[in-house]
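This briefing goes with the sequence and the 3D structure displayed here. Please keep both in view while reading.

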Amino acid sequence: MERALELAREGTALTHPNPMVGAVVVKDGEALGRGYHRYDERDHAEIVALREAGERARGATLYVTLEPCCHTGRTGPCTKAIIASGVRRVVAAMEDPNPEVAGQGFAELRTAGLHVTEGIEQDEAMRLNEDFACWIKTQLPFVALKAALTLDGQIAMRPGHETAITDGPAREAGQRMRHAADAVLTGIGTVLADDPLLTDRTGLARRRKLLRVVVDSSLRITPDKKIVESADGDVVVFTAQPSSTEESRAIERAGVEVVSVPAREGHVELREVLRELGRRQILNLLLEAGAELNGAAIAEGIVDKMVLFYAPKIMGTGGVPLAALPSSGFLNAPSLSRLTLHGLGRDFAVEGYFRDVYGHNGTHRGN
């Protein structure tokens, strides 16, 4: 199963809007077939692995990171191909959160006489496809907030001042998060102050361009900003202003899409932004913003996970906090759970969740 999970990760940025899945066919201790899903190549991981194994799959065990599908979509049901292959046993990491499957694939395999075990390495498999689970259940993207901070919680020396906080390993980890995301979201304050590109600089293959999204309620963005100058159908600005103004037309002529959404108290409704991105099959949204947008996102409850990269530094008074939230709300503030700590050179990262997109704990079941 660990090898199947490794294969599934090979599909990072290559599978959405489908889940990342890996599969291995094993008999007598030998791996006979391996596969992982790539959206553009259509075939699911199980089919790729079974094809490589060929006739040797008869009597073998299929290890797969996600419950095999039992419905017809872009491809036929994997369950029927597995049954026809002569595989005797299926070991799966997790049930498919897609309501069209959700246990029915396992039931079909068991009805056909296959021995099915589920829940092996389930936690890691769930983490791998937490964005898919969120989107397939809600049609909204999974939102991860990423930031680099000092030990006293500052993200910059002062408003409008870009500050290098973490070192290379932490920055590389942040870039890998950006590579795995379908879209990156920031606010107009960050664009005006830092003039970022917000591109995927890993050099790794991806099926779709990273969508760069800016929340700009008053439409203050200008054509000379790097994100506008580099736009190639991959930049969207959400605004509370009408889409037919001269300002919006100037940005659109530069290749940026301007989308007007409902506002509340003059600010873009972030949930409307999520709904529109969900309609565009954005499964994973990475929030890289300043204190104002971070605070608004947390306050509105749209953040699913936070990954905070800490440097062993103290900035002192006058710095910019992670999120602009009133201290009066501390007692009722949501808490992060399932915390993990990662060492990154002299820096470290803390990862935690505001909610469980699966809604249940892992279990091991077999027939």
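The model is predicted. A search of the whole structure finds 27 salt bridges, and several of them are described below.

- Strands β8 (residues 183-187) and β14 (residues 284-287) run parallel and are joined by 3 bridges.
- L185 has L287 of β14 as its bridge partner.

**Helix packing**

- The axes of helix α2 (residues 45-53) and helix α3 (residues 78-85) come within 9 Å and cross at roughly 20°.
- Angles under 35 degrees count as roughly parallel, and α2 and α3 are therefore roughly parallel to each other.
- The crossing of these two helices, α2 and α3, is left-handed.
- On the α2 side the contact is made by E46, I47 and L50, and on the α3 side by C78, A81, I82 and S85.

**Salt bridges**

- Within helix α1 (residues 2-9), E6 and R3 are 3 residues apart, about one turn of the helix. They form a salt bridge whose closest N and O atoms are 3.3 Å apart.
- E6 is partly exposed, at 41% relative accessible area, and R3 is also partly exposed, at 41%.
- D167 forms a salt bridge with R346, with the closest N and O atoms 2.6 Å apart. D167 is in the loop between β7 (154-156) and α7 (168-180), while R346 is in the loop between β17 and β18, so the pair ties together parts that are 179 residues apart in sequence.
- D167 is partly exposed, with a relative accessibility of 29%; R346 is partly exposed too, at 48%.
- D234 forms a salt bridge with R212, and their closest N and O atoms are 3.1 Å apart. D234 lies in the loop between α9 (226-229) and β10 (235-239) and R212 lies in strand β9 (residues 211-215), so this pair ties together parts that are 22 residues apart in sequence.
- Both D234 and R212 are buried.
- A network of salt bridges links R127, E130, K305 and E351.

- H179 is located in helix α7. Its relative accessible area is 5%, and because buried means under 20%, H179 counts as buried.
- Leaving aside neighbours within four places in sequence, H179 contacts T12, A13, D200, T202, L204, A205 and R206.
- Helix α12 (residues 291-299) has buried residues A291, L293, N294, G295, A297 and I298.
- G301 follows α12 and has a positive phi, near 70°.

**Backbone details**

- The peptide bond from H16 to P17 is cis, with omega near 15°. P17 is part of the loop between α1 and β1 (22-27).
- E121 has a positive phi, near 60°, and is a residue other than glycine. Its place is the loop between β5 (115-118) and α5 (122-128).
- The relative accessibility of E121 is 35%, which makes this residue partly exposed.
- E265 also has a positive phi, about 55°, although it is not a glycine. E265 lies in the loop between β12 (263-264) and β13 (267-268).
- The relative accessible area of E265 is 76%, and because exposed means over 50%, E265 counts as exposed.

Note on methods: Residues are numbered from 1 along each chain as its sequence is written. This is a predicted model: local features need pLDDT of at least 70, side-chain atom pairs count only at pLDDT 80 or more; totals for chains, interfaces and linings use all residues. Side-chain values use heavy atoms; hydrogens and water are left out. Two strands pair if DSSP finds at least two bridges between them. Helices (H or I, at least four residues) and strands (E, at least two) are DSSP runs, numbered from the N terminus. A salt bridge is a side-chain nitrogen of Lys or Arg within 4 Å of a carboxyl oxygen of Asp or Glu. Buried means under 20% relative accessible area, exposed over 50%, partly exposed in between (1.4 Å probe, protein chains only). Axes are lines fitted to C-alpha atoms, for helices over the stretch in contact, and angles run from 0 to 180 degrees between N-to-C directions. Angles under 35 degrees count as roughly parallel, over 145 as roughly antiparallel, 65 to 115 as roughly perpendicular and the rest as oblique. A crossing is left-handed if the near helix is turned anticlockwise from the far one by less than a right angle, and right-handed if clockwise. Contact means heavy atoms within 4.5 Å.
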